[in-house]
Amino acid sequence: MADSQNDDAGPFLPPTISPPVLLSGASQTYFSPIPAHLVADNTPCCLGVDEAGRGPVLGPMVYSAFYLPLTLSDPLLKQKHSFDDSKVLTPAVRLSLMKELCTTETDLHHNCGYATSSLSPLSISSGMLKASKSHMYNLNQQAMDATIALIKGIYERGVNVTDIFIDTIGQPAAYQKKLERVFPTAKITVAKKADSLYPVVSAASVVAKVTRDIALEVLWADRSKQMRKRKRKDEPAGTEKRAKVDTDARDVDEPSQTQGESPEGENEEEAEEAMAWGSGYPSDSKCVTWLKQNMHPVFGWGPECRFSWGTAKDMLETKGAVKVDWPEEEDDQETQKLTDFFMAKGDSSEDQNVDELGTWFGTPAGVECF
């Protein structure tokens, strides 16, 4: 029995994805059930972290943490199931491995656990587009926080993680030192191409990649549905009625080839549309073309787009979008503090020597007043 939808019930949807949350534009985090024997026996485990979707302008960036007993890393992941860097595995192989991981009767499900943090385009962009540079939440910091949160969550659930392996972009040494301060009891290895070197990172890579790919499909299914509705709405009056008459006539003369599905022509149209925005990377001409053709002059795009990416920002500024003038925020340095109202006025030595406590209720009177 699988943890999520199987082929008989429809397209495979891993438990790492909640379509309502995804379509709302929010980020989401998922922790798989912990194999009971890992906690009961306090089994020493290794943990790997990798991401998918750091560079695309469309879709979420997904971080994944994967763990299993130290002694099973090579025998189970590398030798038996041939886990490798997700980029060298075919989509079919990646999907097959993810399905096994989600199926209760398999050795992967019995011995392994995983967690994902899917950072939505909205979350990424809102952090990177802060008006004040001092408040900007850049992509590296978001990635670091997601990694730390996943590892902490697995520790909190009782898993005895002794060895951590992480794939990095940038300088591994600086990244490793930061993590060692957060997790001082674990042996931490941060390396470039870790998804090719360590099977547990390869497994995390597969989980992250499958989650992102299917999330992009869910986003596209919703977007293409909206596009078809808009297209039908824009059709000349009478077109839809004629199409219905033609369909009814065909149903009388010819039996439908599928039960409960759209006509073959519509399926072909949807299949063709599924390729419309390509991989979601700015370097993909399909992606750029789709962005240009589907840009709203005021709102830009939907929850699938990272507005902080140069590709999106340039289009909004140069391709006919409505120009918006945002009021400038006051500099934090110009804001008065409450304590400023209780400070002595003036800079003279006389003002500085005033006894504020003594004059709080008035100035003392001398003998000459009597």
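Trainee: Where is Asn42 found?
Mentor: Asn42 is in the loop between α2 (36–40) and β2 (45–52). Helices (H or I, at least four residues) and strands (E, at least two) are DSSP runs, numbered from the N terminus. This is a predicted model, where local features need pLDDT of at least 70, side-chain atom pairs count only at pLDDT 80 or more, and totals for chains, interfaces and linings use all residues. Residues are numbered from 1 along each chain as its sequence is written, and side-chain values use heavy atoms, with hydrogens and water left out.

Trainee: What is phi of Asn42 near?
Mentor: Phi is near 50 degrees there, a positive value in a residue other than glycine. Asn42 has 47% relative accessibility, so it counts as partly exposed. Buried means under 20% relative accessible area, exposed over 50%, and partly exposed in between (1.4 Å probe, protein chains only).

Trainee: And Lys193, is that exposed or buried?
Mentor: Lys193 is exposed, with a relative accessible area of 57%. Its place is the loop between β6 (187–191) and α9 (194–197). Lys193 is not a glycine, yet its phi is positive, about 60 degrees.

Trainee: Zooming out, how many helices and strands does the protein have?
Mentor: It has 15 helices and six strands. Of its 370 residues, 38% count as buried.

Trainee: Next, helices α7 and α8. At what angle do they pack?
Mentor: Helix α7 (residues 139–156) and helix α8 (residues 172–182) pack at about 35 degrees, with axes 12 Å apart. Axes are lines fitted to C-alpha atoms, for helices over the stretch in contact, and angles run from 0 to 180 degrees between N-to-C directions.

Trainee: Which residues make the contact?
Mentor: From α7 they are Met144, Thr147, Ile148 and Lys152, and from α8 they are Tyr175, Lys178, Leu179 and Val182. Contact means heavy atoms within 4.5 Å.

Trainee: Switching to rings. How many aromatic pairs are there?
Mentor: The count comes to eight aromatic pairs. Rings of Phe, Tyr and Trp (its six-membered ring) pair if their centres lie within 6.5 Å; planes under 30 degrees apart count as stacked, over 60 as edge-to-face and the rest as tilted.

Trainee: Why is the pair of Trp277 and Trp290 edge-to-face?
Mentor: Their planes are at 80 degrees, with the ring centres 5.0 Å apart, so the pair is edge-to-face. Trp277 is in the loop between α12 (264–273) and α13 (285–293), while Trp290 is in helix α13, 13 residues apart. Both Trp277 and Trp290 are buried. Ring pairs also link them with Trp220 into a cluster.

Trainee: What about charges over rings? Where does Arg157 lie?
Mentor: Arg157 lies over the face of Phe31, 3.7 Å from the ring centre. The charged end of Arg306 sits over the ring of Trp309, 4.9 Å from its centre. The rule is that NZ of Lys or CZ of Arg is within 6 Å of the ring centre and within 35 degrees of the ring normal.

Trainee: Last one, Pro282. What is it in contact with?
Mentor: Leaving aside neighbours within four places in sequence, Pro282 is in contact with Gly55, Pro56, Val57, Val288, Trp309 and Thr311. The C-alpha atoms of Pro282 and Val57 are separated by 6.1 Å, although the two are 225 residues apart along the chain. Pro282 is in the loop between α12 and α13.
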